[in-house]
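The sequence and the structure are displayed below.

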Amino acid sequence: MPRHPDNPDRTLLVTGAAVAAAGTSVRAEALAVRGDRIVHVGTAEEARAALGRVDEELRLDGGLIHPGFIDAHCHPVMYGQALAWVDLRPERVPDIATLVEVLREAGRELPAGVPVRGFGYEHRRLAEQRHPTCHDLDLVADDREVYVMNASGHGGVVNSHTLRTCGISAGTASPEGGSIGHFEDGEPDGQLWDAACDLLTGPAGVKIGNHGPNFHLSEPEEIMADHLLRAQEVFLAAGVTTVGDAQVSRREMETYLRANDDGSLRMRVSAYLTSALLDTALELGAVRGFGDDHFRIQGVKFYADGTLGGWTAYFPEGYAADCCHHGQLYHSVEEYADIVRRAHAAGLQTATHAQSPYAIGMVLDAVEKAQADRERPGMRHRIEHCGLPTDEQIDRMGELGVVPVMQPQHHLRTGDGTLTAVGDLGHRYNPAGRCPEADVPVVFSSDAPVAPPAPLEAVAAAATRRTVLGTVLGDEALRLPVEAGLHAHTAAAAHALHREDAVGALAPGMLADFTVLDADPLTVPADELTGIRVRETWVGGRRAWAAPGR
């Protein structure tokens with residue numbers, strides 16, 4: 001549904017459901033909107049009087065009018081791409097034989113030469129407890145590309161045809177910030193991780209070097225548009241109205257700009273450019289806030305280390321499960337500190353992927369040095385994922401004004417694997433409950449496609465800290481209560497995006513972005529939050545999504 005032109009005089013009155021007014025757990029009874037902004041929250045009589053006239057009235061039958069959720073770290077275009085690929089999640093693919101069969105079945109439906117691509121396999125939840133190999137994928141096809149992306153999004157496995165096409169042999173060295181897997185005899189086994197994924201995008205494709213995993217595969221404009229439309233439908237159905245795209249390359253930028261121009265961008269997007277584009281951004285002067293209410297450049301995305309799921313997060317002392325395995329850093333400490341300094345000096349907010357205590361310490365040291373070189377209050381530099389911070393590091397975040405952006409759905413799905421990888425330290429995975437006492441504004445997000453957009457699932461996971469296998473991580477002090485979790489997915493997330501004056505709360509002057517839930521999350525146990533359904537989602541005072549039948 002294309003975005004409607006703004007009409008600053010159109011009025012909307014919303015009644016019939018409780019309203020989660022900003023700054024209180026006491027519920028109001030009506031919402032008044034003029035144009036795309038809220039003008040009053042209170043009684044129905046007050047709201048009607050504030051409007052003077054009512055052009056449209058939304059009369060609900062119970063439930064809760066809640067601020068639109070904000071997903072501060074996700075990858076919408078990549079998510080739409082993953083939804084178009086073969087589903088390889090553990091719920092569907094328990095072993096490698098099944099993985100091969102579902103890929104072969106999908107390949108039969110594709111024209112000759114079209115790549116067969118899948119997303120979401122988790123090697124530690126496959127029966128074989130290993131990654132597939134190029135030889136496994138050769139059983140799918142040996143005359144075209146076959147690529148399965150790991151659920152972490154940081155890489156995956158290709159077949160032998162793709163290895164040959166990309167010129168990868170036993171003599172091909174792993175690039176800085178990435179790795180190429182090998183069999184014991186030295187031949188490539190099909191695994192490509194992090195910076196090595198540059199090899200998949202082709203000679204004219206997006207290249208990001210040691211600035212992160214490359215999932216920016218080139219596709220025609222109409223296919224990219226479909227990816228974004230498909231992703232938006234899922235985000236809006238989950239009640240999400242604003243997102244932070246946590247790695248934007250030329251591919252994403254072009255897709256968003258086209259969608260914003262033709263009116264098909266239905267949610268608000270704050271873009272964090274891949275740090276491979278830092279020089280370009282600085283040369284163009286594309287600093288914080290460049291854009292409009294629907295699409296804007298907000299900052300730059302960096303990587304310190306890799307992923308816990310793929311064992312590429314950096315532990316200098318080695319992993320508990322393998323003391324000889326250390327993971328990796330994308331940059332030296334000095335190089336990383338320098339690029340943070342340059343972004344900070346220009347006024348660009350930084351958002352750095354960091355999982356291990358060592359990597360998190362790198363970020364805090366770099367921010368502290370950048371602020372000492374040029375003091376810029378209120379930058380709100382971010383640590384993405386921030387999986388395993390120490391108590392001392394959380395205290396430093398409070399002192400430095402650094403914002404952790406966590407994904408509770410990660411520990412829900414992969415917490416048991418993290419315990420296997422790093423031992424008892426894994427019980428601290430996503431210690432959101434520790435943040436409030438340090439005055440640290442913890443933020444929640446999905447990291448879609450690593451997890452689906454499901455804010456209430458994230459809030460529940462933070463409140464219970466129970467994994468899908470039933471393991472409870474850590475003690476009660478690490479849990480975040482439901483009310484604080486909802487704040488982490490709305491107002492705190494808006495603050496992390498520097499958008500707290502426009503989104504994240506229902507109050508006069510704010511954009512009229514809201515979702516209608518069929519129950520109040522504060523009235524049900526945390527274990528039952530995922531049973532609450534989204535009925536409608538509104539962006540700028542216009543209905544952007546409604547459940548079937550409404």
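Two strands are taken to pair if DSSP finds at least two bridges between them. The coordinates discussed here come from a predicted model.

**Strand 19 and its partners**

Under that definition, M406 stands opposite F444 in strand 20. Strand 19 pairs with strand 20 (residues 443-444) in the parallel sense, over 2 bridges. Strand 18 (residues 382-385) is also parallel to strand 19, to which 3 bridges join it. In this second pairing, R382 stands opposite V403.

Elsewhere, 6 strands form an open sheet with mixed pairing, in the order 7-8-9-10-12-11. Strand 7 (86-87) and strand 11 (178-182) are at its edges; each has a single partner strand, so one side of each lacks a neighbour in the sheet. Strand 10 (residues 155-158) and strand 12 (residues 188-194) run antiparallel and are joined by 3 bridges. There, G155 stands opposite W193 in strand 12.

**Loop residues and backbone geometry**

The loop between strand 20 and helix 13 (455-464) contains P449. A cis peptide bond, with omega about 15°, joins A448 to P449. D447 is placed in the loop between strand 20 and helix 13 as well, and has a positive phi of about 60° although it is not a glycine. W311, in the loop between strand 16 and helix 9 (333-346), is another residue other than glycine with a positive phi, near 60°.

P521 belongs to the loop between strand 21 (514-517) and strand 22 (534-539). Leaving aside neighbours within four places in sequence, P521 is in contact with L64, L456, V482, L486, L529 and I532.

The relative accessibilities of selected residues are as follows.

| Residue | Relative accessibility | Class |
|---|---|---|
| P521 | 1% | buried |
| D447 | 6% | buried |
| W311 | 14% | buried |
| C386 | 0% | buried |
| C324 | 66% | exposed |

**Cysteines**

How many disulfides does a search of the whole structure find? The search finds 0. The cut-off for a disulfide is a pair of cysteine sulfur atoms within 2.5 Å. For C324, the closest cysteine sulfur is that of C323, at 4.2 Å, which is too far for a bond. C386 is likewise in no disulfide, and its nearest cysteine sulfur, that of C435, is 7.0 Å away.

**The largest pocket**

The largest pocket holds about 600 Å³ of space. It is lined by 39 residues, of which E122, S152, L308, G309 and T414 are the closest to its centre. Strand 16 (295-303) and helix 12 (408-422) are the elements that give two or more residues to this lining. Which element gives the most to the lining of the largest pocket? Helix 12 does, with 9 residues.

Definitions and conventions. Residues numbered from 1 in each chain as written. Predicted model: local features only at pLDDT ≥ 70, side-chain atom pairs only at ≥ 80, totals over all residues. Heavy atoms only, no water. Helix = DSSP H or I, 4+ residues; strand = E, 2+ residues; numbered from the N terminus. Buried < 20%, exposed > 50% of the residue type's maximum accessible area, 1.4 Å probe, protein only. Contact = heavy atoms within 4.5 Å. 1 Å grid on protein atoms, 1.4 Å probe; cavity = no way out; pocket = protein on both sides within 12 Å on 5 of 7 lines; lining within 4 Å. Points joined across faces, edges and corners; volume = space filled by probe spheres on them.
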